[in-house]
Amino acid sequence: MNPPIQTPSRPETLEELMLQALAMEREAVERYSELADMMQAHNNRDVAELFHKMAGYEQHHVDHILKDMGWPADKATPRYAGVWTAPDGPEVVPIEEMHY
């Protein structure tokens, strides 16, 4: 028998919601940067440039969240119990499953 599906808890305050958004945007910056580095290593410069550009867009989102919330650049983003059930965000594909 399969275990019951756990429904993620929802942020209850604006601060919790924005902390979650900040964590997701920071992770996007990291992932796009990793992809850009991988593409550069494989001499796929056009795709590397695209991923660097995407990382820049995500960093722009990070900067806006920090500014709008009045948070410092090193604001900690705890993972809330039940929101992410895996070590990474819900949209992350394991790097070993990627093919290029």
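Modeller: A definition comes before the labels: a residue is buried under 20% relative accessible area, exposed over 50%, and partly exposed in between. Also keep in mind that this is a predicted model.

Colleague: Why does lysine 75 count as partly exposed?

Modeller: Its relative accessibility is 21%.

Colleague: What makes glutamate 15 and lysine 75 a salt bridge?

Modeller: The closest N and O atoms of glutamate 15 and lysine 75 are 4.0 Å apart. The cut-off is a side-chain nitrogen of Lys or Arg within 4 Å of a carboxyl oxygen of Asp or Glu, and the pair forms a salt bridge. Glutamate 15 lies in helix 1 and lysine 75 in the segment after helix 2, so the pair ties together parts that are 60 residues apart in sequence. Glutamate 15, at 40% relative accessibility, counts as partly exposed.

Colleague: How many salt bridges does the structure hold, and which residues are linked in a network?

Modeller: The structure holds three salt bridges. Glu27, Arg31 and Glu34 are linked in a network. Glutamate 27 meets arginine 31 at 4.0 Å, N to O, and arginine 31 meets glutamate 34 at 3.9 Å. Glutamate 27 and arginine 31 are four residues apart in helix 1, about one turn of the helix. Arginine 31 and glutamate 34 are three residues apart in helix 1, so about one helical turn separates them.

Colleague: Which class do glutamate 27 and glutamate 34 fall into?

Modeller: Glutamate 27 has 6% relative accessibility, so it counts as buried. Glutamate 34 has 29%, so it counts as partly exposed.

Colleague: What is the nearest side chain of opposite charge to glutamate 58, and how far away is it?

Modeller: That side chain is arginine 26, 11 Å away. A salt bridge needs the atoms within 4 Å, and glutamate 58 has none, yet is buried. Glutamate 58 is found in helix 2. Leaving aside neighbours within four places in sequence, glutamate 58 is in contact with Glu25, Ala28, Val29 and Tyr32.

Colleague: How do you know that the span of helix 1 agrees with its number of residues?

Modeller: Helix 1 has 28 residues, which at 1.5 Å a residue should span 40 Å. The end C-alpha atoms of helix 1 are 40 Å apart, so the span agrees. Asparagine 43, with a positive phi near 60 degrees, follows helix 1.

Technical notes: Residues numbered from 1 in each chain as written. Predicted model: local features only at pLDDT ≥ 70, side-chain atom pairs only at ≥ 80, totals over all residues. Heavy atoms only, no water. Helix = DSSP H or I, 4+ residues; strand = E, 2+ residues; numbered from the N terminus. Expected span 1.5 Å × (residues − 1). Buried < 20%, exposed > 50% of the residue type's maximum accessible area, 1.4 Å probe, protein only. Lys, Arg positive; Asp, Glu negative; His and termini not counted. Contact = heavy atoms within 4.5 Å.
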